[in-house]
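Reader: Could we go through this model together? I have some brief questions.

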Amino acid sequence: MTMQAQEMQKAPTPAWLWSAGVAAFVAVWWLVYGQLIPASEWVVAQLPVDRASHTGDALAFFFYDVPKVMMLLTLIVFAMGVVRSFFSPEKTRALLSGKREGVGNVLSASLGILTPFCSCSAVPLFIGFVSAGVPLGVTFSFLIAAPMVNEVALVLLVGLVGWQVAATYLVFGLSIAIVAGFVIGKLNLEGWLQPWVRDIHAGASAPSDIESARLTWVARYKLGLEAVREIFGRVWMWIILGIGLGALIHGYVPQDLMVRIMGAEAWWSVPVAVAMGIPMYTNAAGVIPIVEALLGKGAALGTVLAFMMAVIALSLPEMIILRQVLTLKLIAVFIGVVGGGILAVGFLFNFLF
Amino acid sequence: MEIKVLGPGCAKCKATVDVLTRAAADTGAAVSITKIEDMREIVGYGVMSTPGVVIDGKVVHVGSVPTREQAGAWLK
């Protein structure tokens with residue numbers, strides 16, 4: 001181990017070699033991606049099932065979608081890992097502090113997509129923002145957008161459902177984050193923070209920045225690889241489970257059942273979908289394959305979007321983490337405002353399309 | 001040398017402790033490594049993303065599991 005480390009220090013891989021490697025990988029990726037449909041058909045043909053049967057249909061779906069989603073994720077998560085290396089919570093905070101509400105909410109929600117964020121640091125980030133004078137509502141816009149609008153959700157939507165739905169999700173996810181943050185800011189709920197947070201806030205003891213060394217391109221590529229490794233470790237099982245379940249729905253659930261339960265005619269389907277989605281905890285990877293299958297069976301787009309947003313944006317574990325800094329009253333307002341926004345999006349879509 | 005690893009107990013925080021422990025064993029430096037899981041204390045260091053590493057009272061790293069090379073450099 002030590003010898004390996006010494007060798008690595010002696011001859012670090014030059015940046016151009018990394019860049020060439022990345023370019024070569026993208027080229028190979030492109031070639032393989034084009035062959036996925038014939039490859040999946042070939043795999044199904046090797047199995048002792050009738051291609052035209054329900055089982056054959058479900059299997060073809062599974063063997064095409066799993067590699068497709070994995071490949072898309074690898075590429076996009078790597079790219080986002082590199083892009084995120086240009087952002088940090090400290091820089092984002094500096095950009096947001098002193099911003100007025102309104103402009104601040106828009107900027108904050110957008111930065112929520114680009115800033116590296118993990119729900120386990122939600123609390124230090126929240127306090128870091130609030131104590132540096134970022135308004136509460138602007139902080140909430142960030143906290144809503146960061147988990148809801150992320151590259152995993154968008155990649156899966158593009159890959160499994162189509163770019164139109166992905167773009168819709170992006171626009172309305174951001175809108176909910178902006179509007180919900182704005183509303184929470186207008187309610188002046190600073191008094192509903194936990195007392196110890198309020199003290200930090202009032203003292204405005206903004207912690208000083210840590211001087212971050214300028215990253216080299218090699219370091220950025222490595223961060224991209226690290227992001228791929230980390231996200232795959234977290235989601236691969238969900239993807240296979242989700243696509244498997246999606247394949248079952250695809251092959252076996254009768255069409256008219258879904259139209260009746262989740263079609264646009266059933267107005268109550270949107271609130272039911274949101275109410276079901278809030279306590280459910282899975283990430284985008286697990287829920288979107290199911291979303292695709294439901295859409296294919298005639299579920300209404302608004303209902304399905306509402307369900308998906310509720311699952312991803314409002315989760316019980318995140319509430320428990322935030323409980324350390326927010327009082328229950330404030331958490332209730334948070335769920336109410338975000339849930340209301342999701343309901344509105346669901347109804348709007350069922351009404352429009 | 002007094003090292004503190006800041007983090008609420010996520011997988012990355014444990015990995016950070018492991019990296020530092022191994023780096024300390026490699027260099028033979030006399031260090032004490034403590035994990036800080038209390039949120040108030042973490043926030044007190046002005047850290048916004050975990051895991052964070054504090055050496056002799058100074059925050060040297062935040063937001064990711066440090067590499068072996070980084071850890072080695074801090075312990076020199």
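Predicted model: local features only at pLDDT ≥ 70, side-chain atom pairs only at ≥ 80, totals over all residues.

Reader: How many helices and strands does chain B have?

Author: Chain B contains 3 helices and 4 strands. Along the sequence they follow the pattern β-α-β-α-β-β-α.

Reader: What is the radius of gyration of chain B, and what would a compact globule have?

Author: The value for chain B is 11 Å, and a compact globule of 76 residues would have a radius of gyration near 11 Å, so the two agree. The C-alpha trace of chain B spans about 30 × 25 × 15 Å along its principal axes.

Reader: And which percentage of chain B is buried?

Author: Of the 76 residues in chain B, 41% are buried. As for its contacts with a separation of 6 or more, 66% are between residues 24 or more positions apart.

Reader: One last topic: is Phe351(A) buried or exposed, and why?

Author: Phe351(A) is exposed, because 11 other C-beta atoms lie within 10 Å and the cut-off for exposed is 12 or fewer. Phe351(A) belongs to helix 18 of chain A, residues 328-352.

Reader: How far apart are Phe351(A) and Leu294(A) in space?

Author: They are 18 Å apart, C-alpha to C-alpha, and 57 residues apart in sequence.

Key: Residues numbered from 1 in each chain as written. Chains lettered and ligands numbered in written order. Helix = DSSP H or I, 4+ residues; strand = E, 2+ residues; numbered from the N terminus. Rg over C-alpha atoms; globule rule 2.2 N^0.38 Å. Buried ≥ 20, exposed ≤ 12 C-beta atoms within 10 Å, placed from the backbone. Contact = placed C-beta atoms within 7 Å.
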